[in-house]
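Have the viewer open and follow along.

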Amino acid sequence: STQGVSSAASDVYKRQVDNNQYLMIMIENDANYIDAEPMKNKTTKENIKAYQTLLQHIKASGVCHPKLHILDNEASKEFQQEIKKQCKLQIVPPDTHRRNIAERAIQTFKNHFIATLSGVDPLFPIFVWSRLVPQSVLTMNLVRPSNVAPKVSAYAYMHGTFDFNATPLAPLRCQVQMYLKPHRQTASDGARAMAIAERTPVLAC
């Protein structure tokens, strides 16, 4: 993209699952921010739904407003028309994946996410893998420098400084012991569960 013009690029890669079978990966070029959204399949409807969700994440920051979107040439006409409603669209030439910056972003996210899945507890229900995506996106962007301000992380450029006190980051995929209120208790005072983080911050007590 032209220097000084905020842009985004997206592509899809497959990950074996129950309901969600794919991830759409989008990278915002100025922030160098990589985001991911699970998809059930590669239909146009699912592509558009994932795109709208990812674009909303970018716009919600109030910092980045993409004016150019770089997309794989295999995208359907309906998907392309949806993108054109938001910004200019540039299709990469056939068999020239290196022209799409999202291809590099896919490799970066894939490496980060597979490393997370490789450390899951043996009893972790792998079919809920998509619940691990939000925190994986968060932790990855916390250590990625933004392109516009290299001394600031991609996350900070998009959302501001991350408050670890307001949102403690528990290790993903490990077993935890949950406290159960007395009226819910059976034989023990707690229940075994798995740590799965969400996007929504929690209040520090």
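**Labels and the values behind them**

The crossing of α1 and α2 is right-handed, and so is that of α3 and α4. The model is a predicted one.

Q: What makes up the chain in terms of helices and strands?
A: There are five helices and seven strands.

Q: Why is α1 called roughly parallel to α2?
A: Helix α1 (residues 44–60) packs against helix α2 (residues 77–84) at an angle of about 20 degrees, and their axes are 9 Å apart. Angles under 35 degrees count as roughly parallel, so α1 is roughly parallel to α2.

Q: Which residues of α1 and α2 meet?
A: Thr44, Asn47, Ile48, Tyr51 and Gln52 of α1 meet Glu78, Phe79, Glu82 and Ile83 of α2. For one of these pairs a C-alpha distance is at hand: glutamine 52 and isoleucine 83 are 8.9 Å apart in space and 31 residues apart in sequence.

Q: Why is glutamine 52 neither buried nor exposed?
A: Glutamine 52 belongs to helix α1. Buried requires under 20% relative accessible area and exposed requires over 50%. Glutamine 52 has 41% relative accessibility, so it counts as partly exposed.

Q: Why are α3 and α4 called oblique?
A: Helix α3 (residues 101–118) and helix α4 (residues 133–142) pack at about 120 degrees, with axes 10 Å apart. Roughly perpendicular covers 65 to 115 degrees and roughly antiparallel begins over 145, with the rest counted as oblique. The two helices are therefore oblique to each other.

Q: Which residues of α3 and α4 meet?
A: On the α3 side they are Thr108, Phe109, His112, Phe113 and Thr116, and on the α4 side Val133, Ser136, Val137, Thr139 and Met140.

Q: How do you know that α4 is mostly covered?
A: Eight of its 10 residues are buried. Among them are Val133, Pro134, Gln135 and Ser136. The cover over the buried residues of α4 includes β2 (22–28), β3 (33–39), α3 and α5.

Q: What makes the phi of asparagine 32 worth a look?
A: Asparagine 32 has a positive phi of about 65 degrees, although it is not a glycine. Most residues other than glycine have a negative phi. Asparagine 32 sits in the loop between β2 and β3.

Q: Is asparagine 32 buried or exposed?
A: Its relative accessible area is 12%. Buried means under 20%, so asparagine 32 is buried.

Q: What lies 2.9 Å from a polar atom of the side chain of aspartate 163?
A: The backbone nitrogen of asparagine 165 does. A polar contact needs a pair of N or O atoms within 3.5 Å, and the 2.9 Å here falls within that.

Q: How many residues does the chain have, and what share counts as buried?
A: The chain has 205 residues, and 42% of them count as buried. The chain exposes about 11900 Å², of which carbon and sulfur atoms supply 52%.

Definitions and conventions. Residues numbered from 1 in each chain as written. Predicted model: local features only at pLDDT ≥ 70, side-chain atom pairs only at ≥ 80, totals over all residues. Heavy atoms only, no water. Helix = DSSP H or I, 4+ residues; strand = E, 2+ residues; numbered from the N terminus. Buried < 20%, exposed > 50% of the residue type's maximum accessible area, 1.4 Å probe, protein only. Areas by Shrake-Rupley, 256 points an atom, 1.4 Å probe, with all protein chains shown as cover. Polar contact = N/O pair within 3.5 Å; in protein donor to acceptor, adjacent residues only side chain to side chain. Axes fitted to C-alpha atoms, helices over the stretch in contact; angles between N-to-C directions. Left-handed = near helix turned anticlockwise from the far one by under 90°. Contact = heavy atoms within 4.5 Å.
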